[in-house]
Amino acid sequence: MQSPRRNAEGRPLGTCDPSSSGSPAHGGGSRFEFQSLLSSRVPGADPTSARLRASESPVHRRGSFPLAGAGSSQALPPQLPEEDRIDLNPSFLGIALRSLLAIDLWLSKKLGVCAGESSSWGSMRPLMKLLEISGHGIPWLLGTLYCLSRSDSWAGREVLMNLLFALLLDLLLVSLIKGLVRRRRPAHNQMDMFFTVSVDKYSFPSGHTTRAALVSRFILNHLVLAIPLRVLVVLWAFILGLSRVMLGRHNVTDVAFGFFLGYMQYSIVDYCWLSPHTAPVLFVLWNQP
Ligand SMILES: CC(C)=CCC/C(C)=C/COP(=O)(O)O
């Protein structure tokens with residue numbers, strides 16, 4: 001293992017002087033880089049005044065980007081290499097993401113009006129849970145398998161085979177992303193969902209929403225439906241997504257990304273469309289007595 005890099009006083013970078021105000025866990029060791037950025041970019045700025053400005057900034061006051069050592073008498077170490085300074089610059093993107101996250105949490109809490117029986121729209125909870133079942137993976141998988149077993153036309157079988165592929169792809173991708181991102185469900189959620197697997201303790205992205213977007217796009221492209229029914233399919237997907245936030249199961253961004261992912265998943269399914277020509281083995285196997 002590499003030994004940690006040290007500052008001019010021999011203290012490892014990323015640790016704090018006890019007199020400083022930043023926490024190493026929050027990047028307390030970044031102060032020198034930030035200060036040298038200020039002093040090198042603001043004309044006429046000296047390190048002391050740069051330190052003062054940093055400690056006065058609203059970012060620092062909120063504590064979301066602590067700049068340890070502000071106001072301490074600690075001597076500045078020699079300038080660090082360029083790449084280190086760029087890494088620790090409080091970027092516009094970082095601040096924008098933090099703000100988006102704060103808005104997301106605030107809005108999701110506001111919209112979580114069916115999160116419990118005692119919530120403001122608590123009486124709507126049973127209806128929302130019914131919608132939840134309409135977008136659950138189990139009924140969709142079982143329903144597709146049942147229809148496949150009953151289908152007696154090649155065209156019908158082809159469409160159903162692809163729907164099955166789409167549902168499985170969706171489960172795989174959502175589990176993978178949930179496992180990677182590991183975002184906790186909102187604190188106000190009651191974990192009383194019908195049949196969940198281990199990754200379903202995570203909320204990003206909403207699996208019900210990806211399925212709703214995927215299935216509705218699939219249906220609109222492969223079933224001949226009257227206009228009112230087509231509108232109903234789109235409404236179902238939209239309300240199902242909204243109901244995830246109202247039930248307190250998800251944050252708004254989980255659902256927004258869910259719509260995007262489900263929409264894109266359909267494009268993948270369409271691109272890899274299974275047919276007796278492209279996947280003859282599958283179709284022959286399915287038709288074995
Ligand atoms: C195990 C199977 C076949 C489906 C799980 C369905 C499920 C519980 C998904 C979680 O959805 P949200 O991410 O929208 O809460």
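**View 1. The stretch at residues 218-243 in this predicted model.**

**View 2. The stretch at residues 160-181.**

**View 3. The packing of helix α8 against helix α9.** Two packed helices are described by the angle between their axes and the distance between the axes. Helix α8 spans residues 154-181 and helix α9 spans residues 207-222, and the two pack at an angle of about 160° with their axes 10 Å apart. Angles over 145 degrees count as roughly antiparallel, and α8 and α9 are therefore roughly antiparallel to each other. Their crossing is right-handed. On the α8 side the contact is made by Val159, Leu163, Ala166, Asp170 and Val174, while α9 brings Gly207, Thr210, Arg211, Leu214, Phe218 and His222. Sorted by class, the residues in this contact of α8 with α9 are six nonpolar, three polar and two charged.

**View 4. The crossing of helix α9 and helix α11.** Helix α11 covers residues 252-271, and its axis comes within 7 Å of the axis of α9, which it crosses at roughly 35°. The crossing of α9 and α11 is right-handed. In α9, the residues Thr209, Thr210, Arg211, Ala212, Ala213, Leu214, Arg217 and Phe218 take part, and they meet Val255, Gly258, Phe259, Leu261, Gly262, Tyr263, Gln265 and Tyr266 in α11. By class, nine nonpolar, five polar and two charged residues make up the contact of α9 with α11.

**View 5. The shell of residues around the ligand.** There are 14 residues around the ligand, and those that come nearest are Gly137, Thr196, Ser206, Gly207 and His208. Two or more residues of the shell are given by each of the elements α7, which runs over 137-150, and α9. The largest share, three residues, comes from α7. When the residues of the shell are divided by class, five are nonpolar, six are polar and three are charged. Gly207, one of the residues that come nearest to the ligand, is also among the residues of α9 that make the contact with α8.

Methods:
Residues are numbered from 1 along each chain as its sequence is written. This is a predicted model: local features need pLDDT of at least 70, side-chain atom pairs count only at pLDDT 80 or more; totals for chains, interfaces and linings use all residues. Axes are lines fitted to C-alpha atoms, for helices over the stretch in contact, and angles run from 0 to 180 degrees between N-to-C directions. Helices (H or I, at least four residues) and strands (E, at least two) are DSSP runs, numbered from the N terminus. Angles under 35 degrees count as roughly parallel, over 145 as roughly antiparallel, 65 to 115 as roughly perpendicular and the rest as oblique. A crossing is left-handed if the near helix is turned anticlockwise from the far one by less than a right angle, and right-handed if clockwise. Two residues are in contact if their C-beta atoms, placed from the backbone, lie within 7 Å. Ala, Val, Leu, Ile, Met, Phe, Trp, Tyr, Cys and Pro count as nonpolar, Asp, Glu, Lys and Arg as charged, and the others, Gly among them, as polar. A residue is near a molecule or strand if its C-beta atom, placed from the backbone, lies within 6 Å of it.
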